[in-house]
Amino acid sequence: MLIELIIVLIVGVLAGTITGLTPGIHINLVALFLVSASAFFLNFLTPVSLVVFIVAMSITHTFLDFIPSILLGAPDEDTSLSILPGHKFLLEGKGYEAIIYTLYGSSIAIPIILLLTPFFLLFLPQIFYYLRFVMFFILITASLYMILRDGKSRAWAFIIFMLSGFLGTATLNLSVKESLLPLLTGLFGASSLITSIKKKEKIPEQKISKLKDIKMSRKEIKNVTLAILLASPLCSFLPALGSSQAAVIGSDILGKTEQKEFLMLLGSVNTIVMGLSFVTLYSIQKARTGSAVAVSKLIENFTAGNLFIILLAILFSSVLAFFLTIFLSKFFAKRISLISYNKLSIFILAFLVLIVLLFSGFLGFLIFLTACFTGLVAISAGVRRTHLMGSLMLPSILLYLPFI
């Protein structure tokens with residue numbers, strides 16, 4: 001049994017490496033495929049082994065998915081915001097450094113997950129029942145806060161929030177497979193790529209610094225950790241408030257944030273939201289990520305022993321993912337400047353279009369185009385692209401409208 005668990009953990013880490021590095025192939029696709037084919041796999045493996053595979057794959061994915069996001073401008077829903085500071089680092093020859101800051105965040109996330117787990121188990125069941133009655137007001141308050149914080153651009157911030165919100169609402173109500181793929185790829189990835197192509201940006205040779213030279217002060221680490229502790233737990237069990245929203249909330253807690261602090265914050269909340277989603281599943285029987293949904297379908301009777309194994313899988317897979325991220329980010333960063341970034345951007349844009357057509361069909365492609373133009377409007381208006389997360393916030397606000 002132990003040898004089987006070790007093998008599936010290693011295979012899960014390898015699978016998470018592939019999904020993390022490949023734009024458009026999300027862990028949800030692999031996890032749900034595994035569930036649909038579970039009758040076959042259960043002839044050879046136990047349900048717990050399949051769960052360990054999913055957990056290892058999911059945690060590894062959160063470590064490595066910043067590599068294509070920062071180096072290629074090809075995000076998924078969890079790394080969308082990393083394009084913003086990450087692209088600037090890349091143009092300064094510091095793409096590798098930007099990835100390492102997210103890696104520091106993901107590494108800090110692991111002890112935080114273990115620290116918060118007892119609190120989730122003890123207190124979450126008591127408070128969650130009442131939260132649904134105030135969820136509407138929480139989401140409205142969070143949305144207004146994001147808009148009002150934009151100062152002189154509040155009008156445009158509101159317009160962008162509503163445009164993306166209406167697009168998100170329409171998308172989620174259409175029969176589109178993997179609906180978030182065309183929506184978020186268009187809003188964040190394609191719009192950034194088109195802007196880069198238009199500017200004919202060139203990627204300079206990337207500096208590969210030693211880890212000891214990529215530093216953060218004690219004060220910066222302390223501030224980021226505080227922001228993580230305050231923002232991430234809420235976003236781990238509240239619907240629509242995912243890692244991107246947690247990063248926005250966390251950056252506001254920090255006040256004026258350095259770009260490296262924001263990248264570290266993003267890396268951390270990305271891993272925490274994923275890790276705590278399994279704890280949330282055990283505590284209140286609610287799945288907040290696709291991976292948690294897959295786990296819930298594989299284990300009917302979720303015991304404390306299962307949770308303990310999941311926590312061990314999180315711990316050991318994160319150690320492997322840490323070293324893989326360092327090696328692979330260094331490997332790709334050294335070579336990114338050897339390629340024409342303009343041609344690479346065109347290739348990636350065409351690849352994303354192909355992925356959207358393959359997974360979401362022609363209707364998904366129309367959503368992708370609309371989302372792309374919406375993202376370009378945000379860029380032209382000069383407002384923070386965090387307002388594009390209205391694509392997820394507004395549908396959730398409307399979902400909880402009946403509870404008020």
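**Cores, a buried serine and a nonpolar patch**

Modeller: The largest nonpolar core has 90 residues, and I54, V55, F278, V295, I310 and I314 have the most contacts inside it. A nonpolar core here is a set of buried Ala, Val, Leu, Ile, Met, Phe, Trp, Tyr and Cys residues joined through side-chain atoms within 4.5 Å. This is a predicted model, where local features need pLDDT of at least 70, side-chain atom pairs count only at pLDDT 80 or more, and totals for chains, interfaces and linings use all residues. Residues are numbered from 1 along each chain as its sequence is written, and side-chain values use heavy atoms, with hydrogens and water left out.

Colleague: Which helix gives the largest share of this core?

Modeller: Helix α7 (residues 95–148), with 16 residues. Helices are DSSP runs of H or I, at least four residues, numbered from the N terminus.

Colleague: And what is V55 in contact with?

Modeller: Leaving aside neighbours within four places in sequence, V55 is in contact with F278, I310, A313 and I314. Contact means heavy atoms within 4.5 Å. There is also a second, separate core of 14 residues, which includes L187, A371, V383 and L388.

Colleague: Switching to S329: buried or exposed?

Modeller: Buried, with a relative accessible area of 0%. The cut-offs are under 20% for buried, over 50% for exposed and partly exposed in between, with a 1.4 Å probe and protein chains only. S329 is in helix α14 (residues 304–336).

Colleague: Which backbone oxygens lie by a polar atom of its side chain?

Modeller: That of T325 lies 2.5 Å from a polar atom of the S329 side chain, and that of I326 lies 3.2 Å from one. Not counting residues up to four places away in sequence, S329 touches I67, Y96, I99 and I100.

Colleague: What about Y282, where is it?

Modeller: Y282 is in helix α12 (residues 259–284) and is partly exposed, at 24% relative accessible area. Its C-alpha atom is separated by 7.7 Å from that of T303, 21 residues apart along the chain. Beyond four places in sequence, Y282 touches L121, F302, T303, A304 and L307.

Colleague: Which residues make the nonpolar surface patch?

Modeller: L174, L357, F362, L363, L366, L369 and F373, over about 630 Å². Patch residues have over 30% relative accessible area and no salt bridge, and nonpolar side chains (Val, Leu, Ile, Met, Phe, Trp, Tyr) are joined within 5 Å. A salt bridge is a side-chain nitrogen of Lys or Arg within 4 Å of a carboxyl oxygen of Asp or Glu. One of the patch residues, L357, is partly exposed at 38% and sits in helix α15 (residues 341–381).

Technical notes:
Helices (H or I, at least four residues) and strands (E, at least two) are DSSP runs, numbered from the N terminus. A polar contact is a pair of N or O atoms within 3.5 Å; within protein, one must be able to donate a hydrogen and the other to accept it, and residues adjacent in sequence count only if both atoms are side-chain atoms. Patches are made of residues with over 30% relative accessible area and no salt bridge: like charges are joined within 9 Å, nonpolar side chains (Val, Leu, Ile, Met, Phe, Trp, Tyr) within 5 Å. Accessible areas come from the Shrake-Rupley method with a 1.4 Å probe; for residues, only the protein chains shown count as cover.
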